[in-house]
Amino acid sequence: MTIRVGTIGASFARQAYLPALKTIDDVELVAIASARLASAQSAADSFAIPHVYDDWQRMMGEHEFDLVCIATPTLYHAPMAMAALRAGAHVLCEKPMAMNQDESAHMLETAESLNKLHIIGHELRFNPNRRKIQSLIESGFIGQARHANIVNISGAWGDPAARPAGDWWSREDMGGGRLGASGSHMIDLLRFWLGDIAAISGQVTTMVRERIDNASGANWQATADDQTSFLMEMESGALCSVFLSGAARHGMGNQTQIFGSEGTITLADKYERLLVARAGEDFVDVSEGDPNADLVGIGTGIWNVSFVALMVELTAAIREKRSLGWGATFADGHQCQIAMDAIRKSSSDRRWVDL
């Protein structure tokens with residue numbers, strides 16, 4: 001079976017989706033759409049995609065797809081996913097899943113009612129080290145998980161002139177902000193490792209609101225969060241602390257620490273070294289490399305490489321007419337959306353929110 005793929009979005013899709021799909025046999029990249037036709041054409045030229053559009057609805061109307069991949073600003077995820085599902089396609093939707101939990105609930109209900117496969121772009125579930133963390137916790141290696149700390153510090157938005165005016169990641173009305181960009185990944189991983197969330201307390205803020213266009217020098221205002229922190233009490237009793245900032249002037253990367261009754265797990269993305277220790281013992285390196293990192297045409301970094309395994313599983317499930325054996329589905333995306341909505345409510349109300 002040849003899987004016919006349509007792609008909406010030509011930025012991250014070009015970096016991660018399309019290179020991953022090109023490594024898989026019997027996948028036909030049929031069409032790509034982007035709001036900027038030049039971007040879509042450039043991606044099409046690089047990946048031999050025959051049909052190019054600046055109107056995604058026209059693309060959907062002129063072709064039949066087995067799979068539609070959506071890598072656009074969050075604002076458009078729900079209408080694009082709904083259109084693709086109703087046209088008979090399975091759907092990969094980039095995170096964050098939607099603008100709010102009402103949208104994500106509708107997307108999930110539609111996908112399930114139409115019996116279509118659905119997956120969110122939480123590619124880190126396919127990273128060998130993060131999968132190993134899940135298996136270590138599940139096996140009882142660290143005993144009962146008591147608490148987890150994740151710190152993610154980036155300098156990408158710290159300079160007021162770092163972003164162009166109107167940059168969608170800096171616009172709340174388009175679903176931008178660090179909570180959706182990075183927080184959604186952290187929430188998904190913590191659910192993957194530790195189970196469901198019972199309650200949340202958090203703060204969402206914009207530290208660098210006054211900005212300068214990096215091309216013209218014109219002043220403009222950011223409305224989306226560039227710093228977010230939250231506590232999550234898991235149903236298991238574990239307490240998770242997450243701090244995310246894009247407002248620093250020096251990026252420090254992502255560091256994860258998980259503490260259990262019998263041991264500890266640490267992982268830092270700078271070196272991708274997974275260290276574990278049982279009580280009374282020294283830390284040992286149990287890191288696992290990703291074999292897909294050596295594939296020709298795949299970009300560097302876990303974000304790009306992990307998409308290969310995601311695409312392999314997704315296309316195999318489509319071809320074999322089976323459920324997904326791995327990955328974050330729309331059900332997981334919806335739970336993540338509920339958590340993000342709760343963080344925003346907690347921030348505005350300055351209180352804990354039960355889930």
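Predicted model: local features only at pLDDT ≥ 70, side-chain atom pairs only at ≥ 80, totals over all residues.
Local features were considered at pLDDT of at least 70 and side-chain atom pairs at pLDDT 80 or more, whereas totals for chains, interfaces and linings use all residues. Residues are numbered from 1 along each chain as its sequence is written, and side-chain values use heavy atoms, with hydrogens and water left out.

Helices and strands are DSSP runs numbered from the N terminus (helices H or I, at least four residues; strands E, at least two). The axes of helix α7 (residues 178-194) and α9 come within 10 Å and cross at roughly 120°; axes are lines fitted to C-alpha atoms, for helices over the stretch in contact, with angles from 0 to 180 degrees between N-to-C directions. The two helices α7 and α9 are therefore oblique to each other, where angles under 35 degrees count as roughly parallel, over 145 as roughly antiparallel, 65 to 115 as roughly perpendicular and the rest as oblique.

A search of the whole structure returned 17 salt bridges, each defined as a side-chain nitrogen of Lys or Arg within 4 Å of a carboxyl oxygen of Asp or Glu. One of these joins D226 to R211, with the closest N and O atoms 3.9 Å apart. This pair links distant parts of the chain, 15 residues apart: D226 lies in the loop between β10 (219-221) and β11 (227-234), and R211 in strand β9 (residues 210-212). D226 is buried, with a relative accessible area of 2%, and R211 is likewise buried at 2% (buried, under 20% relative accessible area; exposed, over 50%; partly exposed, in between; 1.4 Å probe, protein chains only).

The side chains of R171 and D173 also meet in a salt bridge (2.8 Å, N to O). R171 is partly exposed at 29% relative accessibility, as is D173 at 44%. A further salt bridge, between R351 and D349, has an N to O distance of 3.4 Å; R351 is partly exposed at 39% and D349 is partly exposed at 35%.

G325 is found in the loop between α8 (302-320) and α9 (330-349) and counts as exposed, at 57% relative accessibility. The C-alpha atoms of G325 and L314 are 8.9 Å apart in space, the two residues being 11 residues apart in sequence.
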